[in-house]
Amino acid sequence: MKMIVGLGNIGPQYKQTRHNTGFMVVEQFAQKAGLQFTSRKMEAKLATGQVNGEKVMLVEPTTFMNESGRAVGALMRFYKLDIDDLIVVHDDMDMPLGKIRIRPKGSAGGHNGIKSIIAALGTTEFNRIKVGIQHPQKSTVVNYVLGKFTEEQRALFNVAADHAVAALFDWVDGETIPNLENQYN
């Protein structure tokens, strides 16, 4: 089974904000794959089903971003998943808007959701798709990441989200992370 985790914050006030990029990408994947978030388990909303013959579980932690590892760690242990069967989708403000970067491992880079997952799993060796949201020029980081995309920014984000969703489908189909890096980075 493949586990795809989107990072974000729960609650209507955070819907469509830059920090909910992971949720938005995973929800777009779910829609294209015909999956629905119908259950809750271990502090997460889940959508499960078959995608091109592979069992897939989509995960949106229902904790706040900074505690995402609680859900990810518990689900990984409960389902006895191998670390290679996990991929996490999240925002990255140190990347240009409209770009994605696939990585097989790495530091948290200041992202509190990733810090929490690293702490829960005890490793930095898990797959990620980072989606660029660009660094704020004048506003504070907190206000920026919790703000919504402008219309112009949303068009660039949509391009990145489409690429991230395509990469997720390729990963589920068995494409290796190095090949995905070459194709999408």
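Guide: A place to begin is glutamate 125, which touches Ile83, Pro104 and Lys105 when residues up to four places away in sequence are not counted, contact being taken as heavy atoms within 4.5 Å. This is a predicted model, in which local features need pLDDT of at least 70 and side-chain atom pairs count only at pLDDT 80 or more, while totals for chains, interfaces and linings use all residues. Residues are numbered from 1 along each chain as its sequence is written, and side-chain values use heavy atoms, with hydrogens and water left out.

Visitor: Where does glutamate 125 lie?

Guide: Glutamate 125 lies in the loop between H3 and E7, where helices (H or I, at least four residues) and strands (E, at least two) are DSSP runs numbered from the N terminus. With a relative accessibility of 41%, glutamate 125 counts as partly exposed, on a scale where buried means under 20% relative accessible area, exposed over 50% and partly exposed in between, for a 1.4 Å probe and protein chains only.

Visitor: And H3 itself, which of its residues are buried?

Guide: Helix H3, residues 112-121, has Gly113, Ile114, Ser116, Ile117 and Ile118 buried, and the buried residues of H3 pack against H2, strand E5 (86-92) and strand E7 (127-132). After H3 comes glycine 122, with a positive phi near 70°.

Visitor: At what angle do H2 and H3 pack?

Guide: H2 and H3 pack at about 35°, with their axes 7 Å apart; the axes are lines fitted to C-alpha atoms, for helices over the stretch in contact, and angles run from 0 to 180 degrees between N-to-C directions. On the H2 side the meeting residues are Ser68, Gly69, Arg70, Val72, Gly73, Met76 and Arg77, and on the H3 side Gly113, Ser116, Ile117, Ala120 and Leu121. These divide into five nonpolar, five polar and two charged, where Ala, Val, Leu, Ile, Met, Phe, Trp, Tyr, Cys and Pro count as nonpolar, Asp, Glu, Lys and Arg as charged, and the others, Gly among them, as polar.

Visitor: What about H1 and H5, how do their axes cross?

Guide: The axes of helix H1 (residues 21-33) and helix H5 (residues 151-172) come within 9 Å and cross at roughly 60°. H1 and H5 are therefore oblique to each other; angles under 35 degrees count as roughly parallel, over 145 as roughly antiparallel, 65 to 115 as roughly perpendicular and the rest as oblique. The residues in the contact of H1 with H5 comprise 11 nonpolar, two polar and three charged.

Visitor: And how does H5 sit against H6?

Guide: H5 and helix H6 (residues 177-184) pack at about 155°, their axes being 11 Å apart. That makes H5 roughly antiparallel to H6. The contact involves His163, Ala166, Ala167, Asp170 and Trp171 of H5 together with Ile177, Leu180, Gln183 and Tyr184 of H6, a set of six nonpolar, two polar and one charged.

Visitor: Changing topic: is threonine 63 buried or exposed?

Guide: Threonine 63 is buried, its relative accessible area being 5%, and it lies in the loop between strand E4 (54-61) and helix H2 (68-78). Its side chain reaches the backbone oxygen of glutamate 67 at 3.2 Å. Leaving aside neighbours within four places in sequence, threonine 63 is in contact with Gly8, Ile10, Glu43, Ser68 and Arg70.

Visitor: Last one: what is the phi of lysine 80?

Guide: Phi of lysine 80 is near 50°, a positive value in a residue other than glycine. Lysine 80 is in the loop between H2 and E5 and, at 72% relative accessibility, counts as exposed. Glutamine 16, which is not a glycine either, has a positive phi of about 70°; it lies in the loop between strand E1 (2-6) and H1 and counts as partly exposed at 27% relative accessibility.

Terms used:
Polar contact = N/O pair within 3.5 Å; in protein donor to acceptor, adjacent residues only side chain to side chain.
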